[in-house]
Amino acid sequence: MKAFRLDELEAERAANDGAYLQFVKERNMSVGLYALDAGEFDPQQPHKEDEVYFIVSGRASITVGMETTQVGRGSVVYVPAGVAHKFHHITEDLRVMVVFSPPES
């Protein structure tokens with residue numbers, strides 16, 4: 001079993017000065033914590049893997065392909081592999097759990 005505490009993952013991510021911390025990588029999936037502060041630009045490019053975003057905290061909009069929706073704590077968004085997507089209009093610091101399948105390469 002692997003068990004994690006969100007506050008410890010956030011501290012590790014911040015200590016490494018990165019927006020993304022991968023904390024699980026298995027044969028069929030990987031999981032990470034993604035952070036964007038209010039007003040920040042999301043530099044993501046489309047990924048080769050399917051993704052699920054679970055919004056842990058914060059508020060923003062996300063555009064996936066041609067569709068845009070607002071997200072906040074508790075929102076879940078599926079992004080198919082290869083589809084352009086970005087968080088934007090980030091009004092509260094955003095913390096997002098990201099699940100990739102297969103694992104992010």
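Is Phe100 buried or exposed? Phe100 is buried, at a relative accessible area of 2%. Here buried means under 20% relative accessible area, exposed over 50%, and partly exposed in between (1.4 Å probe, protein chains only).

## Basis

This is a predicted model: local features need pLDDT of at least 70, side-chain atom pairs count only at pLDDT 80 or more, and totals for chains, interfaces and linings use all residues. Residues are numbered from 1 along each chain as its sequence is written, and side-chain values use heavy atoms, with hydrogens and water left out.

## Aromatic pairs

The whole structure has 4 aromatic pairs. Rings of Phe, Tyr and Trp (its six-membered ring) pair if their centres lie within 6.5 Å; planes under 30 degrees apart count as stacked, over 60 as edge-to-face and the rest as tilted. Tyr20 and Phe100 are edge-to-face, because their ring centres are 6.4 Å apart and their planes stand at 85 degrees. Tyr20 sits in strand β1 (residues 20-25) and Phe100 in strand β6 (residues 85-101), 80 residues apart. Strands (E, at least two residues) and helices (H or I, at least four) are DSSP runs, numbered from the N terminus.

Tyr20 is partly exposed at 27% relative accessibility. Ring pairs also bring in Tyr34, giving a cluster of Tyr20, Tyr34 and Phe100.

## Asp42

Asp42 lies in the loop between β2 (30-36) and β3. Asp42 is buried yet has no salt bridge; Lys86, the nearest side chain of opposite charge, is 5.6 Å away. Lys and Arg count as positive, Asp and Glu as negative; His and the chain ends are not counted.

The Asp42 side chain does make a polar contact with the side chain of Tyr34, at 2.5 Å. A polar contact is a pair of N or O atoms within 3.5 Å; within protein, one must be able to donate a hydrogen and the other to accept it, and residues adjacent in sequence count only if both atoms are side-chain atoms.

## Salt bridges

There are 6 salt bridges (a side-chain nitrogen of Lys or Arg within 4 Å of a carboxyl oxygen of Asp or Glu). Arg13 bridges to Glu10, with the closest N and O atoms 2.7 Å apart. Both lie in helix α1, 3 residues apart, about one turn of the helix. Arg13 is buried at 10%; Glu10 is partly exposed at 22%.

Asp37 pairs with Arg95 at 3.2 Å between the closest N and O atoms. Asp37 is in the loop between β2 and β3 and Arg95 in strand β6, so the pair ties together parts 58 residues apart in sequence. Shared partners join Glu10, Arg13, Asp37 and Arg95 into one salt-bridge network.
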